[in-house]
Protein chains: 2
Amino acid sequence: MGQGFAEILHKQKDSLKKQYGLDFEVVAISDPVKGSVYEEDGLKLEKILSLVKETGKIDGYAGGTKGLDSIKTIISTNANVILEVSPTDIKTGEPAITHITTAFNNKKHVITTNKGPVALAYKELSDLANKNNVFFKFEGTVLAGTPALNLGLEALAGVGIKEIKGILNGTTNYILTEMEQGRTYEEVLKEAQRLGYAEAKPDADVEGWDALAKVVILANVVMGGDLKVEDIEREGITKIGLSDIESAKSENKRYKLIGKVWREGSQIKGSVGPEKLDIQDSLAQVNGATNALTFMTNNLGEVTIIGPGAGKKETGFALLTDLLSICRRKE
Amino acid sequence: MGQGFAEILHKQKDSLKKQYGLDFEVVAISDPVKGSVYEEDGLKLEKILSLVKETGKIDGYAGGTKGLDSIKTIISTNANVILEVSPTDIKTGEPAITHITTAFNNKKHVITTNKGPVALAYKELSDLANKNNVFFKFEGTVLAGTPALNLGLEALAGVGIKEIKGILNGTTNYILTEMEQGRTYEEVLKEAQRLGYAEAKPDADVEGWDALAKVVILANVVMGGDLKVEDIEREGITKIGLSDIESAKSENKRYKLIGKVWREGSQIKGSVGPEKLDIQDSLAQVNGATNALTFMTNNLGEVTIIGPGAGKKETGFALLTDLLSICRRKE
């Protein structure tokens, strides 16, 4: 998704400056596989993008300093915003937590799409960001580029959110949607793996871990909770067979994997599990890899946002949203 | 909706201060029917709200200056934010345009829920606001408190919006939804009038004028167009009979009154009219008085927001959204 973002930045550089006053240079890239390059006046993104397309690496870039690891890139380059896009490890949050802590201690803003650090250490990290007077942004961790967190935190500020529930994982929603057509779980999972929707080891999706990370983020960031990963009841979709889906259909219902956060007295609770929704329910209508989130509120009733929940370009766009938000706030 | 907003402010005063740093006093209220009162240290909202409930007026308020008209209230009170909530006149934009111009010339921020001034004079008014270094906010003009404009302008900044389409009027959507149950237009309209959804003279809704005002606002504010009200093709729902609805049903389709804005070369175009949508279409699923807006984008595909499009409290909430946004930007 770093690449998806680089493509957006490259294509829209002029219009971003003109329309939003965003004037930037990408000065460094560090990737454990593709390589690392730093040029304090800014890298030529067009060159980088075509190198990656042709060679899968950025080592062939002419000029600049090569081979800085991620920590050195964060500390010793002149970047003032760090985009942390390492893959999620929901058990440890690493290497992202170390990257982010290092950036904050060096007075650099962080934008991340990695769910691990936000689900595991939101409070500590946002305190550290505040202490260092820098921003910690992570729109891409929930619903990819679809601005779900922005909606909950800014656009719906003051609305009184009682409950948030939604379809937070595209892979499982794709599988359930296809099973509605009478195809078996195994058959659809194989196809999803072939299409790149699901990993070879699909547990993060089908056992609900990915949705769970997002539930913790919504609970702690949007609803002010203090939940840990282990506080959330979690069930995936692996126990749902074709016969369950058929029997739900006969009751005019449809299975969806629902992530939920709600207030119970002074406590915030969360859960992930399959639910049989009435076919008229707005979340039941959300099909394929699309995600959706409904906010139940005091002042506005129900507000729902529907959009893509994954994809290189779609998640890359979340990085832009956060960058523009930092740019607006710094004015 | 000024009253809906006053209720929110009164109930949430402490939490708004604690959670968002919003510290305010309502110093003046001016209403051509309910009366006018000004107290430079702040009015007692609880007192005002119970007076309105009991007497329908605010004249009985103990203390303060009475009888200032709207212009005097804008100019001579110590208010620094003016909430303009007069009813929409889509032909002249008055008295709102005069109110807003007066406020800007006196260096006061304006928040309005009135579609007239934004549809008819967005460019002139926002230029005047910029010149005076004050904010011009109007979230409540489209989809009431559902943050549709915020989504288009801030949360989706940089996304590359190609087209916006949606269900922009709750009354007509309610009528069409009820007609799906086999009830006639006349019957449902009468009921909507009894419920207060539709006015005695229902043209603004059923002839598409209300949706048209919102289309002009979306075109000019979100898509940078320069459309006039008369540039938009407009058709209401009055020509749709039960037989049309039945025949659409038999094709698995459903009529919706759709407002649309799109890019055609370098031009922005807009229209309002009934469309037969496939029953699977996400907008076809939006029933009753609920509104919805879909953004078709370059970087994110389709993003849809669904929520209430009318209501005293729901529109009142838009005023709070804008007030919090001004508060955030002034930091």
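How much area do domain 1 of chain A and domain 2 of chain A bury between them, and what share of it is on carbon and sulfur atoms?

A: The model is predicted: local features need pLDDT of at least 70, side-chain atom pairs count only at pLDDT 80 or more, and totals for chains, interfaces and linings use all residues. Residues are numbered from 1 along each chain as its sequence is written, chains are lettered from A and ligands numbered from 1 in the order in which they are written, and side-chain values use heavy atoms, without hydrogens and water.

Domain 1 of chain A and domain 2 of chain A bury about 1,600 Å² between them, with 69% of it on carbon and sulfur atoms. Buried area is the accessible area (1.4 Å probe) that two parts lose on being put together, summed over both. Glu139(A), Val142(A) and Leu143(A) supply 37% of what domain 1 of chain A buries against domain 2 of chain A, more than any other three residues.

Now the bounds. Domain 1 of chain A covers 2-145 + 312-330, and domain 2 of chain A covers 148-308; such bounds come from an automatic or database domain assignment. Their C-alpha centres lie 28 Å apart. The contact takes 15 residues from domain 1 of chain A and 20 residues from domain 2 of chain A, where contact means heavy atoms within 4.5 Å.

One salt bridge is counted between the two domains. A salt bridge is a side-chain nitrogen of Lys or Arg within 4 Å of a carboxyl oxygen of Asp or Glu. Asp210(A) forms a salt bridge with Lys115(A), with the closest N and O atoms 3.3 Å apart.

On the domain 1 side, α5 (115-131) and α12 (312-330) of chain A each supply at least two of the residues that touch domain 2 of chain A. Helices (H or I, at least four residues) are DSSP runs, numbered from the N terminus. The largest share of that side, five residues, comes from α5(A). The residues on that side divide into nine nonpolar, one polar and five charged. Ala, Val, Leu, Ile, Met, Phe, Trp, Tyr, Cys and Pro count as nonpolar, Asp, Glu, Lys and Arg as charged, and the others, Gly among them, as polar.
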